[in-house]
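Dear colleague,

I am passing on the structure below, together with notes on what was found in it. Please read the notes with the coordinates open beside them.

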Amino acid sequence: MEDAELIIRIQQGEHQFTNLLIERHYGAIGKYCYWRTSNIEAAQDITQETFYRFFRNFDQYTHAGKCRAYLYTIARHLCYDHFQGRRLLSLEDLEEGQCGEVPSMEETVDSQVAVNQLIKELPTEQQEALLLRYSFVSPTI
């Protein structure tokens with residue numbers, strides 16, 4: 001069953017289809033939130049909040065063929081809000097020795113964490129394009 005049909009049925013009161021719609025998109029949204037936050041607990045909270053906000057005004061939602069894109073938009077805004085309260089640490093604030101050793105080339109190539117870090121150095125649009133095209137996040141939420 002396509003998203004459009006699920007949405008129509010849910011809006012008509014057939015709430016048993018709600019879980020099917022959530023299950024269809026929950027993993028992708030969870031991975032996106034984890035990729036944005038690098039924190040499993042924050043990602044889980046933001047993923048749940050994404051679906052809460054989606055269904056809070058669900059009766060007013062008009063399906064335009066892009067349900068997952070709409071969920072990504074909600075999640076993106078929530079991830080942005082998550083970081084609003086965090087203070088960025090400058091290099092001047094770090095004491096000597098806090099940065100640690102630079103990993104060897106082999107460690108860098110083999111490390112999923114290193115790949116995610118390199119991706120985070122890209123502009124936001126390029127990061128999101130890579131995330132949506134490839135699945136770099138390994139934890140399942």
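Arg 24 counts as partly exposed because its relative accessibility is 31%, where partly exposed means between the limits for buried (under 20% relative accessible area) and exposed (over 50%), with a 1.4 Å probe and protein chains only. Its partner in a salt bridge is Asp 3, with the closest N and O atoms 2.7 Å apart; a salt bridge is taken here as a side-chain nitrogen of Lys or Arg within 4 Å of a carboxyl oxygen of Asp or Glu. Asp 3, at 14% relative accessibility, counts as buried. The pair links distant parts of the chain, since Arg 24 lies in helix H2 (residues 18–37) and Asp 3 in helix H1 (residues 3–11), 21 residues apart.

Please bear in mind that this is a predicted model, in which local features need pLDDT of at least 70 and side-chain atom pairs count only at pLDDT 80 or more, whereas totals for chains, interfaces and linings use all residues. Residues are numbered from 1 along each chain as its sequence is written, and side-chain values use heavy atoms, with hydrogens and water left out.

The structure holds three salt bridges, and the remaining pairs each lie within one helix. In H1, Glu 5 pairs with Arg 9, the closest N and O atoms being 4.0 Å apart, and the two are four residues apart, about one turn of the helix. Glu 5 is partly exposed at 38% relative accessibility, and Arg 9 is partly exposed as well, with a relative accessible area of 27%. In helix H3 (residues 40–56), Arg 53 and Glu 49 are likewise four residues apart and thus separated by about one helical turn, and their side chains meet at 2.8 Å, N to O. Arg 53 has a relative accessible area of 34% and is partly exposed, as is Glu 49 at 27% relative accessibility.

H3 has 17 residues and reaches 24 Å from its first C-alpha to its last, close to the 24 Å expected at 1.5 Å a residue, the expected span being 1.5 Å times one less than the number of residues. Its buried residues are Ala 42, Ala 43, Ile 46, Thr 47, Thr 50, Phe 51 and Phe 54. They cover an arc of only 165° around the axis, which puts them on the same side of H3; the arc is that of the directions from the helix axis to the C-beta atoms. H2 and H4 are among the elements that cover these buried residues. At the start of H3, a side-chain oxygen of Asn 39 comes to within 2.9 Å of the backbone nitrogen of Glu 41.

Buried in H4 are Cys 67, Leu 71, Tyr 72, Ile 74, Ala 75, Leu 78 and Cys 79. Seen down the axis, these residues fall within an arc of 165°, so they line one face of H4, while His 77 and Tyr 80 are exposed on the other side.

For the chain as a whole, there are seven helices and zero strands, where helices (H or I, at least four residues) and strands (E, at least two) are DSSP runs numbered from the N terminus. Buried residues make up 28% of the 141 residues.

Terms used
Contact = heavy atoms within 4.5 Å. Polar contact = N/O pair within 3.5 Å; in protein donor to acceptor, adjacent residues only side chain to side chain.
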